[in-house]
Amino acid sequence: MFLDKIIPENCKENFYRNIKTVKIKLNFDTDFSKIDDNTINKKKYTTTAGYNTKKNSLTILPETLKMIFEIAKDTKDPNDFFWKQVNVDILHELAHMASTKYDEETDKSLCGFDSYPYRFESDKNRGLTEGMTEVIAMTGVPGTVEISSGYYIEALFINQLIQIVGSEVMLSSYFTNKGTKEIENSLNNILDEPVLSNTLFRKIEDNFYLRDV
């Protein structure tokens, strides 16, 4: 499996634990003709799937399957476009699963670089998490069109960070829920400006939440 190959050996705890009990609902048998076009809100359905950290469940949304199906009709190879997009979104959510740790006692979820509920501003890294998750997903499905991603800007940030600090630091921090600390340390080794490094990730997070404004 692609994920098993790219996760560093010392970072596979979450993946092996969650994959044993993950619940997946594909909804591929949905009759698209019964979905009213007026019910599809493109702002709401930006991805095909969703992962619930508390329930360890992955669900394919039938409304967005139809949306992708309709978009695919206008491409050169509708079947290829449809399945590549669906596979990217499924792999995206599986990467979330592989990087998630949920504590029932504290009701706290760790997912990638993100932590919620959060105690400090530095715990809020959803934009960085979505960007890394999308880079992983699109790497695992060759031939995808990067600019069509709903997390294109976040993925660009991740690719730049990989060029600067290396993929090992990024993957290790993501899959073991270390937040941005090790990435910041690597940046500070290049330019000793801790405040600047910390500010970078706050700006990435601000950009993520302001993108639809």
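Colleague: In which loop is Phe28 found?

Modeller: This is a predicted model, in which local features need pLDDT of at least 70, side-chain atom pairs count only at pLDDT 80 or more, and totals for chains, interfaces and linings use all residues. Residues are numbered from 1 along each chain as its sequence is written, and side-chain values use heavy atoms, with hydrogens and water left out. Helices (H or I, at least four residues) and strands (E, at least two) are DSSP runs numbered from the N terminus. On that basis, Phe28 is found in the loop between β1 (23-25) and β2 (49-52).

Colleague: Which residues make the nonpolar surface patch of about 350 Å²?

Modeller: Patches are made of residues with over 30% relative accessible area and no salt bridge; like charges are joined within 9 Å, and nonpolar side chains (Val, Leu, Ile, Met, Phe, Trp, Tyr) within 5 Å. Accessible areas come from the Shrake-Rupley method with a 1.4 Å probe, and for residues only the protein chains shown count as cover. Phe28 has a relative accessible area of 35% and is therefore partly exposed. The patch is made by Ile24, Leu26, Phe28 and Trp83.

Colleague: Is Asn27 buried or exposed?

Modeller: Asn27 is placed in the loop between β1 and β2, and its phi is near 65°, a positive value in a residue other than glycine. The term buried means under 20% relative accessible area, exposed means over 50%, and partly exposed lies in between (1.4 Å probe, protein chains only). Because its relative accessible area is 17%, Asn27 is buried.

Colleague: What is the relative accessible area of Asn177?

Modeller: Asn177 is found in the loop between α7 (167-175) and α8 (181-190). Although Asn177 is not a glycine, it has a positive phi of about 55°. Asn177 is buried, with a relative accessible area of 14%.

Colleague: What is the omega of the peptide bond from Tyr116 to Pro117?

Modeller: Pro117 lies in the loop between β6 (114-116) and α5 (126-140). The peptide bond from Tyr116 to Pro117 is cis, with omega near -5°.

Colleague: Which residues are linked with Lys12 in a network of salt bridges?

Modeller: A salt bridge is a side-chain nitrogen of Lys or Arg within 4 Å of a carboxyl oxygen of Asp or Glu, and the structure holds nine of them. Lys12, buried at a relative accessible area of 5%, meets Asp4 at 3.2 Å, N to O, and its closest approach to Glu9 is 3.0 Å between N and O atoms. Asp4 is partly exposed at 26%, whereas Glu9 is exposed at 65%. The residues linked with Lys12 in the network are Asp4 and Glu9.

Colleague: In which helix do Lys84 and Asp80 both lie?

Modeller: The side chains of Lys84 and Asp80 meet in a salt bridge (3.4 Å, N to O). Lys84 is partly exposed, with a relative accessible area of 24%, and Asp80 is partly exposed at 35%. The two residues are four apart, about one turn of the helix, and both lie in helix α4 (residues 78-98).

Colleague: At roughly what angle do the axes of α5 and α7 cross?

Modeller: Two packed helices are described by the angle between their axes and the distance between the axes. Axes are lines fitted to C-alpha atoms, for helices over the stretch in contact, and angles run from 0 to 180 degrees between N-to-C directions. The axes of α5 and α7 come within 11 Å and cross at roughly 115°.
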